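Let's take a walk through this structure together, one part at a time. Have the viewer open and follow along.

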Amino acid sequence: MINVAGLSKRYGTHLAVKDVNFNIEKGEVVGFLGPNGAGKSTIMNILTGYLSTTQGEVTIDGFNIVDYPEEAKRRIGYLPEIPPLYPDMKVREYLDFIYDLKKVKFPKKPHIDEILKLVKIDNVQNRLIKNLSKGYRQRVGFAGALIGNPDVLILDEPTVGLDPKQIIEIRNLIGRLGKNHTIILSSHILSEIQAVCKRVIIINRGEIIADDNSENLAQKLSDDSTLLARITGNETDMLSALKSIKNIKSVSSLGQMEIGSFDYIIEPEDGVDVRADIFDRVVSRGKKLLTLKDNKLSLEQIFLRLTEVENDKAKQLLKSDNGEITVVIEESEEE
Amino acid sequence: MSAIFKREFKSYFTTPVGYIVLAAFYFFLGLYFYMIFSSGSPQIGNVIIAMTTVTVFIMPILTMRLMSDDRRQKVDQVLLTAPVKIWSIVLGKFFAAFSVYALAFAPTVFFEIIILSKVTVSVLPYLYALLGILLLGGALIAMGMFISSLTESPAISAILSLIINVLVLYMSSFTSMITVPEGSTTFFGKIWEKIVSGFMLFLEKAAFISVSESFSETIFSVMDIIYFLSIIAIFVFLSVRSLEKRRWS
């Protein structure tokens, strides 16, 4: 349905998008994940024909966006980051305008009525857009994207600035629409993407650093199961004591976090439960075990780390196993 | 095109802009009609042509938001990602502003009816003057629209348009500041003479005030009509290019 090959975009000397390639099949719901300024919006603006490419090709349902812009655009409903609304228009009036602009063939009144109900704005249809709250504006923009029932929906941060209730409503709506639409959704919040998308494309500094389904990605990123322990007493003694336990791969100290004790990251051999052994060893040395917990990193933290390091390193991180992620853990624990 | 035309035209009257512009036009029209008619002249054409100056000063208000506002409020995203051609967006906007402008001269129909009920005169000078002022307005709208497409700020757009409008209106008066070199004997001297005098002729003839005045005379001039029409065409084209260019930068 959506085909992107070798896409690059340069603003002056700044390369905003670097050689991006992906293919999205009909009916897929794909999340673009990346920090602000990663190039998500730029890619979306190119997909919808708002911006040109510097290099590369975009085809929507077989229609190249440069050669057949009208055919391609007809298949896309786009909700930009800032909903493109005329503040001096009423909601209904605006949707009528979008309907005329897109030259939609469905009967006008029932089509717009249906969309108003779908995004739950039928109660504000006669209000001026400038008097609406952010959440309502967002939904009016969403309604505009849905007009003409396009096959492809491109939603740029559709839940930004909404309250939690509205976020859930919009998510449910996207979930429902995902059954018979191809959807690209962008967000800088991972849980958001996980809630609605099967496939995740992580974008950072204009490059794709990961493209996988969300379970795989979660798996890859959180494979690692280390333990965090806080133990009283001398650091060097305890390090050697812990290292001598069977089935422990590595131990490193995080230093003194609480007076009179030190924190340690303990990495056991894969699949071995060493918690009881650690307890016994600490007790046998006459020290106290203050804390012992799973040090599984939240996906949020991993994502943050991934997008903060260099792209090449991030790609490596995704491929390699536990070794390097331990480094990641130490840094993020300090936050 | 019709969707954009309808929206833009309506927006002139959901904001005060349309009313202010029309009120200003009607005020001056009424004033000039009173002045010219009470001086004994039955020519509404003169009333209309007298509106040239007013048009030049009011037009920036009509065109300042035409393109700049879309960009400022990011609504250009909905226009440029809709399955429509860019020139139809531009033409829709042009005709919306033009229609408001044309409404400004609607009362002259009543003026003409009043005159015709009193004296027997030819309607042709009236129609010709009306055509002239509409073409002049069209040219100023196209120019203003292009300027508006260059900036995000309606205020900047208005000020720039005003400066340029005044320049094109009165550029004939700059000829008095230029002295044409005469009596040169060298080859290049003669060429320079030609260039300067040609430029002066251009300033004189191309100034909007000269062209619009020629519409108050009854001699029908195809050249003047083509002149304004080509200005409209050029600036509509430039506006399209300006929108397109934004995608590339």
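Predicted model: local features only at pLDDT ≥ 70, side-chain atom pairs only at ≥ 80, totals over all residues.

Start in chain A, where four strands make up an open sheet with antiparallel pairing, in the order E12-E13-E11-E14. Strand E12 (248-258) and strand E14 (289-294) of chain A lie at the edges, each pairing on one side only. On average, neighbouring strands of this sheet are turned by 20° against each other, direction ignored. Within the sheet, strand E11 (residues 227-232) of chain A pairs with E14(A) in the antiparallel sense over five bridges; here A:Leu227 is found opposite A:Asp294 in E14(A).

Two helices of chain A pack on this sheet. Helix H9 (residues 235-243) touches E11, E12 and strand E13 (261-268), and its direction makes about 155° with that of E12(A). Helix H10 (residues 275-284) touches E11, E12, E13 and E14, with its direction at about 165° to that of E14(A).

Now turn to where the chains meet. Chain B brings 28 residues to the contact and chain A brings 29 residues. Together they bury about 2,600 Å², 59% of it on carbon and sulfur atoms. Of the area that chain B buries against chain A, 27% comes from B:Arg7, B:Pro83 and B:Arg247, more than from any other three residues.

What is the count of salt bridges between chain B and chain A? The count is four, and among them B:Lys6 pairs with A:Asp100, their closest N and O atoms being 3.4 Å apart. On the side of chain B that touches chain A, H1(B) gives the most, with eight residues. The residues of that side divide into 10 nonpolar, seven polar and 11 charged.

Key
Residues numbered from 1 in each chain as written. Chains lettered and ligands numbered in written order. Heavy atoms only, no water. Pairing = 2+ DSSP bridges. Axes fitted to C-alpha atoms, helices over the stretch in contact; angles between N-to-C directions. Contact = heavy atoms within 4.5 Å. Buried area = accessible area lost by both parts, 1.4 Å probe. Salt bridge = Lys/Arg side-chain N within 4 Å of Asp/Glu carboxyl O. Nonpolar A, V, L, I, M, F, W, Y, C, P; charged D, E, K, R; others polar.
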